[in-house]
Amino acid sequence: MISAVLVFSSRGELIVSKFFKNNLKRSISDIFRIQVINNLDVRSPILTLGSTTFQHIRSNVHGDDLWLVSVTRSNINCGAVWEFLYKFDHMLELYGLNNEEFLKEEFMVCYELLDVMLGENGTPMDTDPATVIKKMSVKPSKETIENFAISVQNKNSTLPKIPKFLRRTSSFLNQESSNNSSGAFNMAGELPWRPKGISHKKNEIFLYVNEKISILVSKEGSILKSYVDGTIDLVTHLSGTPVCQFGLNDSLSVKNDDYGDSFDYIKNKKAIPKAAAGSVLLEDCKFHQCVSLEKFDKDRIIKFVPPDGSMELMKYHVRSNINLPFKVSPIVTYSSSGTAVEYRITLKSLFPSKLTAKNVTMKIPVPPETLDCKIDVSNGSCKFAPEEKAMLWTFNKYNGLTENTLSAVTITSKDAPRLNIQQWQKPPISLDFEIMMFSNSGLVVRYFTIKESERYKTVKWIRYVSKSGSYEIRY
């Protein structure tokens, strides 16, 4: 995203330069100095020369008017770059680095800030001051934080260059305590994602475990690849500032479990029997900023103060021990004349009998020369779709532990070459479906607690939704 970040003194001396792309050279700083800093006629904070775009701001009025510059060579979101530059300026002031002399002495702190706030490809990763300070090896002095917080809260303070959405997070920095493991959860009502005074007549929270399973099966029946991409989504209508936490049956949690036979918490064991029997290895976990990462790393507990309304709390990826919802057994052969293709396909559901899949659709490709198909199915409905060059076998509902078969023969034109049909590439059969209360990965919410000082009654809902991603079978 951002190709380089440059910091100049008010006179145009380059103090800090961080490059994220190999297609930029250090001499790019000379272009900005000549075209912007030394050019008194330039008024715009953005300058585009060819494929290179410079965006800059001047540092806080309490400092030495440093030039903070981002360099990009792609079509990026300018708003995101502006936000990063202002947050970067915010952090420089917290560390007292908005002074040219101090910046030259402590330039390594500035480089560490850039490493924390930006990813390897120049994408802003973390700009929240509270979490950035936690990751830094050097902490700002309490006096610096208190002075900055007072200046922001002072109505007569002149901070014209920092937008309100950046200033609103600074007031809770001085409430951070190194002895507080939960960190943000003591900052009730001052969280940037949850304003004060939220009230609901009915307090309820909905937790959705949404998963998409992708699988590729060879014509011999072996699984070539399989994985699950999942998200945990929330819809919250809670008053006050509740602290929520729940635990999952991921492998590290089960290994360090302090709950004894913790799976007794699962009420609907019949709905997810395989998931309740073991643990899940979660990979590539990503969390909303409201989640305490320290709590998850240390205790494997997801603890957070949720924003009001809908949100995506977590993303994860699972590769092993996946529960397959369907088994497809295709037998595809050519007729004796070689001008038609014969199909015999068995579809078997592997999920519990009390569950039902809906909107089940199997797409069965046919040769391009096909005019129609003779189809016979044991259940559901199947039709030939010439625009898709496939047969569509559909079920409104498909019960668990049931089996259905399809028999079909393609009808081609008399002029269709026999060689073309036999050289047909045979695209894979694909399957679409949606199953409620079934977990492809085996992930289970073991417990879900909510703490709130008002001690109101909360209605909690947990729902598992499994859908198909790329579910393909070769033949």
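The sulfur of Cys382 lies 7.8 Å from the closest cysteine sulfur, that of Cys373, which is too far for a bond. A disulfide is taken here as a pair of cysteine sulfur atoms within 2.5 Å. By this rule the count comes to zero disulfides. The model is predicted, with local features needing pLDDT of at least 70 and side-chain atom pairs counted only at pLDDT 80 or more, while totals for chains, interfaces and linings use all residues. Residues are numbered from 1 along each chain as its sequence is written, and side-chain values use heavy atoms, with hydrogens and water left out.

| Residue | Relative accessible area | Class |
|---|---|---|
| Cys373 | 10% | buried |
| Cys382 | 18% | buried |

**Helix pair H2 and H4**

Helices are DSSP runs (H or I, at least four residues), numbered from the N terminus. The axes of H2 (residues 78-94) and H4 (residues 107-117) come within 11 Å and cross at roughly 140°. Axes are lines fitted to C-alpha atoms over the stretch in contact, and angles run from 0 to 180 degrees between N-to-C directions. H2 and H4 are therefore oblique to each other, a class left over once angles under 35 degrees (roughly parallel), over 145 (roughly antiparallel) and 65 to 115 (roughly perpendicular) are set aside.

On the H2 side, Phe84, Lys87, Phe88, Met91 and Leu92 meet Cys110, Leu113, Leu114 and Met117 of H4, where contact means heavy atoms within 4.5 Å. By class, this contact has eight nonpolar, no polar and one charged residues; nonpolar covers Ala, Val, Leu, Ile, Met, Phe, Trp, Tyr, Cys and Pro, charged covers Asp, Glu, Lys and Arg, and polar the others, Gly among them.

Definitions and conventions. Helix = DSSP H or I, 4+ residues; strand = E, 2+ residues; numbered from the N terminus. Buried < 20%, exposed > 50% of the residue type's maximum accessible area, 1.4 Å probe, protein only.
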